[in-house]
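Work through the exercises below with the model open. Try each task before reading its solution.

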Amino acid sequence: MSGGDRKLSVSEEKVLQIAEEFIHQVYPEFSEDGATPQVNDEGEKWVVTYQLPVGVIGGVPTVIIDESSLKVLDSYHTQ
């Protein structure tokens, strides 16, 4: 898992960039302000989501990306 104080690897940065571009297109109402990205390597896929600041209520998008092709496989938005 990444985010917070840990520096993202080059692979994680690329995956986060793909996810952010997808999020801007599909979930334009989502604002990353104050949200910490979480990039998780789950073997054959990457899962990108966000952690909201303490005390903030709301949902975040989650984007699932194929590890080998770097194509978005699925996404959803929690509430």
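**Exercise 1.** State what share of the residues of the protein chain counts as buried.

Solution. Buried means under 20% relative accessible area, exposed over 50%, partly exposed in between (1.4 Å probe, protein chains only). Of the 79 residues, 37% count as buried. This is a predicted model, where local features need pLDDT of at least 70 and side-chain atom pairs count only at pLDDT 80 or more, while totals for chains, interfaces and linings use all residues. Residues are numbered from 1 along each chain as its sequence is written, and side-chain values use heavy atoms, without hydrogens and water.

**Exercise 2.** Find the confidence of the protein chain.

Solution. pLDDT is the predictor's confidence in each residue, from 0 to 100. The chain averages 91, and 94% of the residues score at least 70. β3 has the highest mean, 98, and β1 the lowest, 95.

**Exercise 3.** Work out the strand order of the sheet.

Solution. Helices (H or I, at least four residues) and strands (E, at least two) are DSSP runs, numbered from the N terminus. Along the sequence the pattern is α-β-β-β-β. Two strands pair if DSSP finds at least two bridges between them. The four strands form an open, antiparallel sheet in the order β1-β2-β3-β4. β1 (36–41) and β4 (72–77) each have a single partner strand, so one side of each lacks a neighbour in the sheet.

**Exercise 4.** Describe the pairing of β1 with β2.

Solution. β2 covers residues 45–51. The two strands pair in the antiparallel sense over six bridges. P37 has Y50 in β2 as its bridge partner.
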